[in-house]
Structure formats: structure tokens, C-alpha cells
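Visitor: I'm new to this one. Could you show me how to read a few of its features?

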Amino acid sequence: MRDAYIATSVRTPGCRRGKGALKDTRPEDLLSFIMKAAVEKAGKIEPKEIDDVMIGCSFPEAEQGLNIGRLATQIAGFPVTVSGATVNRFCSSGLEAIALASLRVMAGWSEVTMGGGLESMTYVPMGGNLPRPHPEHSRVHANLYASMGITAENVANRYNVTREDQDEFAYHSQMKAAKAQKEGLFTEIVPTPAARYVLQDNGTYKKETFIQDFDDGVRATTTKEGLAKLRAVFAVNGSVTAGNSSQTTDGAAATIIASGEAVKKYGLKPIAKLKMYTTVGCEPDEMGVGPRYAIPKLLDLAGMKTSDIGLWEINEAFASQALYCIRELGLVDSMDKININGGAVALGHPLGCTGAKLCATLLANMQRKGVKYGVESMCIGGGMGAAALFELCD
Ligand SMILES: CC(C)(COP(=O)(O)OP(=O)(O)OC[C@H]1O[C@@H](n2cnc3c(N)ncnc32)[C@H](O)[C@@H]1OP(=O)(O)O)[C@@H](O)C(=O)NCCC(=O)NCCS
């Protein structure tokens with residue numbers, strides 16, 4: 001197998017569903033913008049060199065339906081010859097797309113590809129616009145359709161992750177994100193054109209564009225006392241709140257992958273290689289445990305130990321499940337290497353985009369800190385985990 005080099009990995013800001021800066025920006029616009037931005041940042045690759053585009057999306061319907069992976073290539077102004085597909089593995093969709101795009105390069109089927117992710121949770125709600133569970137199978141496999149919030153409650157209850165533990169974790173996520181924002185560490189963000197509709201004197205609305213360059217869900221004023229006051233939102237007497245859950249978010253991200261030959265041909269300076277990617281199934285009603293199984297499987301495949309990994313991005317779908325996984329993986333003493341700029345509790349979790357978003361964040365941090373090996377992992381609705389290993393290029 002050949003190496004898959006990451007030439008560039010970028011993202012839009014993540015902004016709050018329905019309330020944030022991207023709420024009036026169509027998902028097609030978000031995605032096509034970040035795809036163009038990735039090409040521009042890579043520097044020496046023309047869009048015509050991109051053989052195929054794989055885009056993760058968790059609810060690929062309505063405004064982000066009709067094979068958004070292909071549509072966006074054309075909205076971005078790429079030549080008609082650039083093909084595109086939409087990939088769905090729920091919360092790991094963006095990472096799955098990057099892995100599939102990388103595999104094409106590794107297999108020798110493509111020289112340059114793009115993988116990315118998109119989710120506008122404002123335009124398409126979680127669960128989709130018209131969920132239609134199978135009338136008989138959904139009774140037998142009811143857990144496959146469980147609310148994500150209930151799965152987070154299950155993890156908290158089954159594995160003794162207390163409300164205090166969850167709030168403490170959420171507090172630190174907010175603090176890390178606020179600090180990173182203040183210090184300008186989110187260098188993977190490309191300032192993104194956003195739409196807003198402004199009421200005119202004659203009663204009509206005019207579309208205006210402004211530039212959004214930061215994640216707008218971060219709450220720098222969060223306190224542990226404030227978090228403790230929030231009520232549980234998914235279960236009576238539960239412990240999962242708006243403050244210790246991931247935020248619902250709009251965003252897009254894109255990564256360009258190249259073969260060694262393409263790196264030489266176009267004079268690219270690759271950031272990292274995607275070394276390994278794996279997925280695993282687990283019980284759907286506690287889907288949050290996914291990383292606890294996906295990460296050991298990944299490291300076994302790679303012949304590595306947790307101590308070999310310098311940085312981790314473990315998606316914070318919920319504080320309960322992220323903390324449980326960190327404990328089970330024996331990483332409690334490595335908190336300074338995990339989600340160092342905060343996680344989805346503060347920065348948001350735009351479902352199908354998240355895998356691609358975390359890739360951009362992880363690689364920016366690996367580059368800044370000179371860390372050789374980084375792992376990205378997440379839990380996945382329906383009961384799965386995914387994990388990927390990246391190696392920094394010299
Ligand atoms: C939990 C959830 C239902 C909350 O939704 P929401 O009510 O829209 O959440 P918001 O972020 O608007 O927060 C609601 C309120 O909680 C309070 N709050 C949230 N975070 C807070 C914090 N860190 N400190 C203090 N108060 C906070 C605020 O009062 C806030 O209202 P405001 O924005 O008007 O100030 C939603 O975020 C959710 O579903 N998350 C999980 C998504 C999911 O399942 N993803 C898939 C995982 S696999």
C-alpha cells in the first residue's frame with residue numbers, strides 16, 4: 001500500500017444551531033466554500049487534479065441531500081470531471097470520508113483526493129425531517145433508535161460517571177476552548193462568508209454577507225456553579241444537561257490527500273500521513289463507549305501503545321461518555337494531551353462534519369507542538385466507535 005499524505009486540512013467555524021452565525025447559510029454554500037479554501041491553501045494543486053471527493057454527512061437530505069458531495073464540487077466551480085460522493089456513518093462520517101479518500105490514494109486508484117464533512121443542524125435537524133423506523137424491526141431493535149441523550153444517561157448510570165464529574169469535564173472543555181480562542185490557536189479555521197437577512201424599510205428582507213471567523217458556542221463565562229444549576233434534559237432525575245452535552249452545530253471541513261508521487265509532482269509540503277483507521281460495534285443503548293473499544297483496536301493494528309500517542313481528539317458527544325472512555329483507556333493522567341483546545345461541549349458537534357473538523361484541529365495541534373503521533377476517535381449513534389492514527393511528516 002502507498003502512503004496517504006494530508007496536504008491540507010481546514011474547517012469553517014462551528015456555530016450554534018438555530019442561534020449562531022451560520023444559521024442562515026445554506027449547507028451547500030458552507031461546503032463548497034471550504035472545499036475551495038482547501039484547494040487554495042494546498043497551494044499548488046488545481047481542482048482538476050482532484051480525482052474524487054468524499055463528503056461525510058449524517059442526515060444527507062433536504063438542503064444537504066441529493067448527493068451533496070457531487071453537488072458541492074460543481075457549486076465550488078471545480079471542473080465537471082471531478083466526481084463526488086456522500087458518506088454516512090453518523091458521527092464519524094467526516095473521518096470515514098477522509099479514510100475512504102485516503103484508501104483510494106493508498107490503493108493506487110487516485111493520486112489526489114478530497115475527504116470532508118458537512119452538517120447544518122439548523123437546516124436539517126438531528127434524526128432528519130421524516131424519520132420512518134421499520135414498524136416490526138424497530139420493536140425488536142428499539143435500542144438502535146435510542147435517543148443519543150438517553151445513551152449518555154445510560155453510560156453515566158452504568159459506569160458511575162456522576163453529575164459532578166460531567167460538569168467538571170464540561171467546565172474544563174469550556175475553559176480550554178476559551179483560552180485557545182483568546183490565544184488565536186484555531187489556525188485550522190478559514191474565515192467563512194455567512195448569510196444574514198436584514199429587514200428593510202419597505203418590509204422586505206435583503207440578504208447580506210459577513211465573515212465569521214470563530215466558533216460561536218464557546219462560553220468563556222461558564223462556572224461550575226452555573227453548570228450545576230442546569231436541569232437534566234433527557235431524563236427525569238438524570239445528569240445530562242445542556243451544559244455537559246455537545247452543542248448542536250453548523251459547520252463544514254475539507255482535507256486534501258495526495259500520493260507520494262503527487263507530493264513530488266506538485267511540490268506539496270504535507271502535514272501528516274493517515275496511517276490507520278478502524279471502526280467497531282458496541283451496544284446501541286450505550287453507544288458512547290465506542291472509543292473505549294475503537295482506540296485499543298486501532299493501536300493493536302498499528303502495534304502501538306497509548307503512551308506512544310502525543311495528542312488525542314476524543315469527541316465529546318457527551319461529557320459522560322468521553323470521561324468514561326478516558327478512564328477505561330487509562331488516560332486520566334494524560335488529560336493535558338486530550339482535546340487540548342476544548343471539545344464538542346464547547347466547540348460543537350456538527351455530526352457528519354465532526355470527523356473532518358477534528359482532523360483539521362488535531363493536525364494543526366500536532367504541527368504546532370511537533371507531536372509525531374495523534375489519534376482521533378468518536379462514538380457513533382447506533383452503537384459504534386471509530387478511531388484514526390495520524391503521523392506528522394518531517
Ligand atoms: C442538550 C441539548 C438538547 C441542549 O439544547 P439547547 O437547549 O438548544 O442548548 P443551548 O446550548 O441553547 O443551551 C440552553 C441553555 O442552557 C444554559 N447553558 C448551556 N450551556 C451552559 C453553560 N456552559 N453554562 C451555563 N449555562 C449554560 C443556557 O441557559 C442556555 O440558554 P442560552 O443559550 O439562552 O443562554 C442539545 O445541545 C443536544 O441535543 N445536544 C446533544 C446533541 C447530540 O445528541 N449529538 C449527537 C451525539 S452522538
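Visitor: What classes of residue make up the shell around the ligand?

Guide: To read a shell, sort its residues by class. In this predicted model, the shell has 11 polar, seven nonpolar and one charged residues.

Visitor: Which residues are closest to the ligand?

Guide: Of the 19 residues that surround the ligand, the closest are Met148, Ala242, Gly243, Ser245 and Ala317. Two elements give two or more residues to that shell: helix 5 (148-158) and helix 7 (224-229).

Visitor: Now Val375. Is it buried or exposed, and why?

Guide: You count neighbours: 20 or more other C-beta atoms within 10 Å make a residue buried. Val375 has 28 C-beta neighbours inside 10 Å, so it counts as buried. You'll find Val375 in strand 11 (residues 373-380).

Visitor: Which residues is Val375 in contact with?

Guide: Skip the neighbours within four places in sequence, and Val375 is in contact with Ile295, Leu298, Ile309, Trp312, Ala387, Ala388 and Leu389. As for Leu363, 12 residues away along the chain, its C-alpha atom is 9.8 Å from that of Val375.

Visitor: How many residues of helix 3 are buried?

Guide: Helix 3 is mostly covered, with 11 of its 14 residues buried. Among them are Leu95, Glu96, Ile98, Arg104 and Val105. Just after helix 3 comes Gly108, with a positive phi of about 85°.

Notes
Residues are numbered from 1 along each chain as its sequence is written. This is a predicted model: local features need pLDDT of at least 70, side-chain atom pairs count only at pLDDT 80 or more; totals for chains, interfaces and linings use all residues. A residue is near a molecule or strand if its C-beta atom, placed from the backbone, lies within 6 Å of it. Helices (H or I, at least four residues) and strands (E, at least two) are DSSP runs, numbered from the N terminus. Ala, Val, Leu, Ile, Met, Phe, Trp, Tyr, Cys and Pro count as nonpolar, Asp, Glu, Lys and Arg as charged, and the others, Gly among them, as polar. A residue is buried if 20 or more other C-beta atoms lie within 10 Å of its own, exposed if 12 or fewer, and partly exposed in between; C-beta atoms are placed from the backbone. Two residues are in contact if their C-beta atoms, placed from the backbone, lie within 7 Å.
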